[in-house]
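Here is a short report on one protein model. Please look over the sequence and the fold before reading on.

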Amino acid sequence: MAEFTDDFDGPGLDRTVWMPYYLPHWSSRATSAAAFDVRDSLVRLTIPVDQGLWCADVHSPSLRVSGIQSGHLDGQQPFVDAQRVAEPQAELRGWLPSEGLFEVRARMGLSPRSMASVWMVGFEDAPERCGEICVFEIFGDSGSADGATYEVGQGVHPFRDPSLTDDFAAPPRTIDIGEHHVFGAERTRGRTVFSIDGEIVRTVDQAPDYPLQVMIGVFDFPEREGPDDHEPWLEVDWVRGPSGRYKVSATV
């Protein structure tokens with residue numbers, strides 16, 4: 001199967017593949033824009049201390065985020081009942097990986113009130129096709145006192161997909177999150193196998209069987225305890241995986 005790779009070697013983000021906004025249809029491009037830089041063959045996402053809230057007065061708890069995503073369809077990932085699109089966006093089918101091994105090489109700097117994650121989630125060309133494969137999710141406050149271990153979350157979330165059940169775990173693992181690691185999720189029919197640095201760490205006997213898009217983000221939760229002056233960051237060296245079953249339909 002043909003493989004897609006982005007090693008972020010270009011002069012900027014490939015806008016035919018990535019949208020540098022986090023679910024902008026629920027707020028606006030202005031309030032969901034990522035703070036990011038593409039340099040030294042990587043993309044670095046940060047949350048400056050003066051960055052505003054995402055979906056202020058709507059999302060609870062309060063949240064700040066810098067994220068990029070490889071697909072977009074208005075109405076994706078609602079978080080309140082009967083939610084209405086606030087600012088319509090162009091559809092993007094930049095990279096919707098098909099079944100196979102997805103990997104990302106990343107490192108991060110987090111405070112006790114921040115989190116970084118890479119996940120694949122349904123494109124939602126039908127509302128129930130919304131399940132998620134969480135490739136990794138790490139909260140800064142899950143680290144041990146000496147910073148030698150962190151809880152690394154991996155698994156499947158159904159959201160509104162009746163064909164899936166929640167199967168997610170975040171066991172402590174010996175890992176230096178400030179150094180690069182390769183996180184993987186191999187999706188086959190009815191199974192997802194998760195790995196870290198090439199070692200299989202868990203298997204889930206289910207998998208979404210529809211197009212997924214890639215989401216990469218760093219998050220800050222201002223209501224949690226932690227330093228106000230810390231700027232969490234997430235660096236991605238490269239991502240790779242099977243080419244999608246869809247071609248680019250828009251440039252954003």
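F8 is buried, because its relative accessibility is 2%, under the 20% cut-off. This is a predicted model. W18 is buried as well, at 0% relative accessibility. The structure holds 10 aromatic pairs. F8 and W18 form one of them, with 6.3 Å from centre to centre. Their planes stand 35° apart, and the pair is classed as tilted. F8 and W18 are 10 residues apart, and the pair is described as linking distant parts of the chain. F8 sits in the loop between β1 (3-6) and α1 (29-32), and W18 also sits in the loop between β1 and α1.

**An enclosed strand**

How many residues of strand β4 (residues 64-69) are buried? Six of the six are, so the strand is largely enclosed by the rest of the structure. In a regular strand, side chains alternate between the two faces of the sheet. Both faces of β4 are covered. R64, S66 and I68 are buried on one side. V65, G67 and Q69 are buried on the other.

β4 has a partner in strand β17 (residues 212-220). The two strands pair in the antiparallel sense, over six bridges. S66 has V218 of β17 as its bridge partner.

**Cysteines without a bond**

The structure holds zero disulfides. C130 is in none, and the nearest cysteine sulfur, that of C134, is 15 Å away. A disulfide needs the two sulfur atoms within 2.5 Å.

**The largest pocket**

Rolling a probe the size of a water molecule over the atoms shows where empty space is left. Here the largest pocket holds about 590 Å³ of space. Its lining comprises 24 residues. Y22, H59, Q77, E132 and F159 lie nearest the pocket centre.

What is the lining made of, by class? It has 15 nonpolar, four polar and five charged residues. Strands β8 (114-122) and β9 (132-139) each supply at least two lining residues. The largest share, four residues, comes from β8.

**Two loop residues**

E128 lies in the loop between β8 and β9. It is partly exposed, at 39% relative accessibility. D167 is 39 residues from E128 along the chain, and their C-alpha atoms are separated by 18 Å.

F79 lies in the loop between β5 (71-72) and β6 (92-93). It too counts as partly exposed, at 27% relative accessibility. F79 and V58 are 21 residues apart in sequence, with 9.1 Å between their C-alpha atoms.

**Accessibility at a glance**

The table collects the individual residues discussed above.

| Residue | Relative accessibility | Class |
|---|---|---|
| F8 | 2% | buried |
| W18 | 0% | buried |
| F79 | 27% | partly exposed |
| E128 | 39% | partly exposed |

Methods: Residues are numbered from 1 along each chain as its sequence is written. This is a predicted model: local features need pLDDT of at least 70, side-chain atom pairs count only at pLDDT 80 or more; totals for chains, interfaces and linings use all residues. Side-chain values use heavy atoms; hydrogens and water are left out. Buried means under 20% relative accessible area, exposed over 50%, partly exposed in between (1.4 Å probe, protein chains only). Two strands pair if DSSP finds at least two bridges between them. On a 1 Å grid over the protein atoms alone, a cavity is a set of points where a 1.4 Å probe fits but cannot get out, and a pocket is an open set with protein on both sides within 12 Å along at least five of seven lines; lining residues have an atom within 4 Å of a point. Grid points are joined across faces, edges and corners, and a volume is the space filled by probe spheres set on the points. Ala, Val, Leu, Ile, Met, Phe, Trp, Tyr, Cys and Pro count as nonpolar, Asp, Glu, Lys and Arg as charged, and the others, Gly among them, as polar. Rings of Phe, Tyr and Trp (its six-membered ring) pair if their centres lie within 6.5 Å; planes under 30 degrees apart count as stacked, over 60 as edge-to-face and the rest as tilted.
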